[in-house]
Amino acid sequence: MAEAVDYKIIGERPVRPDGVDKVTGRAQYGADLSLPNTLIGSVLRSPHAHARIKSIDVTAALSMQGVYAAITSEDFASPDGEVGGEAAGSASDLAKNVMATDKVLYHGHAVAAIAASTKEIADLALDAIVVEYDVLEPVLDIDEAMKDTAPLLDPDCYTQNLPEKAEKPSNIASVMQLSGGNLEEGFAAADIIVEGEYNIPMAHQGYIEPHACTATVNEAGQATVWCCTQGHFEFRSMTAALLGMNIADLKFIASEIGGGFGGKTVVYLEPVAVLLSKIAGRPVKMTMSREEVFRATGPTSGTHCKVKVGAKKDGTLTAASAWLAYEAGAFAGAPMGPGAMCIFAPYKLENFFVEAFDVLVNKPKVAAYRAPGAPQSAHAMEIALDDLARELEMDPIDLRLKNAVQEGDQATYGPKFPRIGFKECLEAAKNHPNYKTALEEGTGRGVSAGFWFNVGMQSSAEVHVNENGTVTLVEGNPDIGGSRASMCIMASETLGIEYESIRAMIGDTESTGFSNVTGGSRTTFATGMAVVQACEDIIAQCKARAAVTWGVDEDQVEWQDGQAIPAPGVNADVKPLSLADIASQAHKTGGPLLGRASLNAQGPGPSFAVNICDLKVDQETGKVDVTAFTAIQDAGKAIHPDYVEGQMQGGTSQGLGWALNEEYIFDANGVMENAGFLDYRIPVASDLPMIDCHIVEVPNPTHPFGVRGVGETPIVTPLAAAANAVRDATGVRINDLPLSPPKILEALDGND
Amino acid sequence: MGGYTYVAPATVADALTILSEHKNNGTRAQVLAGGTDLLVQMRSGDNAGRAIVDIKNIKESNNLVFGETETFIGAAISSAVLNESEKLKELFPGLLEAADLIGSTQIQGRATIAGNLCNASPAGDTIPALIANSGVCVISGPSGERQMAVEEFVTGVGTNALSSEEFVLGLRLPNPALRTSDAYLRFIPRTEMDIAVAGAGVSLSLSEDGTCIAARVAIGAVAPTALLVEDAAEAIVGSKLDEGALSKASEACSGAASPISDKRGTAEYRRKVVGVLCKRAAVIARDRALS
């Protein structure tokens, strides 16, 4: 299915429907809404990384002219259970992260909030809030945090998932293990064993648009919230839980979004703004500064990983083990699970053992970031494989081809693989001109591979046919990467009408059915599936209307090229009816045409990627110059190749930034020293070459057009690709990131 | 936050009167040229009220004068305007490259070399380039004009030799002699939009046979102020910039540096890199002097 199909528009690159408003500045982002009488909300943040809150006194702030509301954690509900979809976690932890209760657990942790008539008054009012702290020793290092002797962030935290119930509290929130076969026998069968230990610091998603929202609550307690989010339905659930509100009293409207990458799947400001508005009786707008974004949102886990891999002389892997420690930040929930499940996923491996740890440290609570957890563990494994290839004097792509999983193989994380395209990606890499081009003097080349599951989850879509046959699509997933265009293409292909006749809109929580976040690389797959089904619903209705018009049975009508025609063999002397024909007469045949679908999408297709990275290292300064980069990935089917390439190039850019320069730098007290884009160095455009993309298309049989998710896999691979290229260029292996100039120069000089 | 007032006097005399009035009243006044540092500082911490005295309406501050022996660059001329002057690029290519490294294209439409100097950041890119070119500040004050070598002007991190009644009117640069040119290089981990981890400016003169007969070497971002490194200049004078001479100059720069370790780089790293930059800048300056 879905193979060698001659599509009309799938795979074309039409202009995105939301493009003009975005490039002309008309599009409305999170902070763009202005309502009359709006107050400005500001958050007081902890100056300590770890402290007990003895008291908070807001009376002086509240008495100031122009101050309308002041809140602390006492004004919030005390929720329990789990909230959220992709970013599901403890509601209690989420509440404590939004507003600290008894303790502050990182520098920048919210402790109180103010609504005032101006930003200036709000800031003065924050200064007038008196907080007494009992300062505690911060735990900033993951290895220290795991020791018995470490100060505890949460004295009630007992390690989950241990074989026996933990007796003492610990900063290790939970552990997980994956195993198969017999590790000892596997290593005993190896001719060669490589090992390594790898450290990666915390990194931020780096979305350009800071978190922003406006909330207004009426006298009946009904709230409307405008915000930039990856999932307004889940923001609604979280806000309702944190405030003890009825979901029916909350309406969330998603603005356009200036990047999220997983970081906008959890609430920070929204419940605060609702509460402030409820008290003040006026709309409240909140916008984070870049500094707040760095100190109190995102990031992803810093990690400490150890990997050991054994192989035969011919490159066949015999065993592998991994020890993976992930920083959770202030509350449990590091992505060590996916990290553990992804690390060996690309390879056929009978004997393996993975142990992973979710570790509390006095740093911001981590949030999802593109393939959460996978880049860190893949970095370790793909470096180990590079070392292995060098020792075996084997081509690194051949080594991976020798061990690559394919359809029917048992994945190390559990299931048997359905149809996948890993080998196709490796073959494409091997045959790519980038790989065949000889390296210039002083340049190094690195290869790496990666995997991500992708998810399905819940989506809804409606198709409204206008009276002239044009179509309005309504769905519930904020468009981060061109999904409106992809939805319109899939609707156009299914209905058989022009792409330009279709408009897509993102409905608010009261205008369309529930939809999980835009995340997990699921939107084109799952919401796309809902759009296709809603279009099929329309087609069925159109066939019925044509049957009525022609006086034939419904099964005597077919839909072809955007029109109803008599089925072969049906003897009816009629003209085909286009969607426009049927729509224009709809009032005579049963009323408006409205198609809909809602689903919990099953069968997301795993996506594999391979990278080739060429770079130069300045031997005297340690600076890296990436000279060529090729990203190869199985997209299943690229609905709109521009936006598949956009995901591949974007993920690569973020991965290279993480590899080369990005890192959270904390001082001894746990204060982030580089909370701005000047010193938290995401790449600028001139830092990177044009990233060449090669889309492999091995269709996912469960999607009508073969789509696999593509958004996350691209960041899994660049970390190791860059590290392996630096090794190739310099002869020195550096296991830790970032590969910043001082680190490289130190390694080079140490090598002399 | 207190109040701001903004004035844009049209003459040097008016500007000086305003500055003196504020001094006598005990109120704060601050001179604005491009404002690319000042406005940022006002928005991120130092937001106390003051009078902003804009010098962009003063004729002399906008003068670009190519004299027979020297060039005068008015303090209010933006880097973008300077970089459009082919003549200036020919005379001081290294200085203009330094100006071109500061900020984005949009920022360069406002930013000025004199402002970069007065802001007195240890990492200011144009300062080593000015020192290498024997730049002199022309300072207007109540008792007339005074002149001061750029290397003496910056007194510490964020401080300079101006009294509260003075402002920099412009910069004088001696025109380069025959077979003389300059270069400035800085190191940043990215390609742009960053602040120097280390910087080095070199100006040198060659004899007909390519021997270096005069040189000035200045380094930035590796000490509280940019430094003139005379030992580095001595190391290359008399040589044809062979590897030995360049190494000596490089070592002199590393030795003169007294950097700190911070989020932008370790002291050890900065010391090494400033030497590398000195060597590379010297070679560029030589090639320019020969061409």
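pLDDT is the predictor's confidence in each residue, from 0 to 100. In this predicted model, local features need pLDDT of at least 70 and side-chain atom pairs count only at pLDDT 80 or more, while totals for chains, interfaces and linings use all residues. Residues are numbered from 1 along each chain as its sequence is written, and chains are lettered from A and ligands numbered from 1 in the order in which they are written. Chain B has a mean pLDDT of 96. Of its residues, 99% reach 70 or more. For the complex, the predictor gives an ipTM of 0.94 and a pTM of 0.96.

Chain B holds an open sheet of 5 strands. Strands are DSSP runs (E, at least two residues), numbered from the N terminus. Two strands pair if DSSP finds at least two bridges between them. The order is S4-S5-S10-S6-S7, and the pairing is antiparallel. Strands S4 (64-66) and S7 (144-149) of chain B stand at the edges; each has a single partner strand, so one side of each lacks a neighbour in the sheet. The twist from one strand to the next averages 20° (axes are lines fitted to C-alpha atoms; angles run from 0 to 180 degrees between N-to-C directions). S4(B) is joined to S5 (residues 70-74) of chain B by 3 bridges. Here Val65(B) stands opposite Phe72(B) in S5(B).

Between the chains, 18 residues of chain A are in contact with 16 residues of chain B. Contact requires C-beta atoms, placed from the backbone, within 7 Å. On the side of chain A that touches chain B, helix H21 (residues 741-751) of chain A gives the most, with 3 residues. Helices are DSSP runs of H or I, at least four residues.

Key. Contact = placed C-beta atoms within 7 Å.
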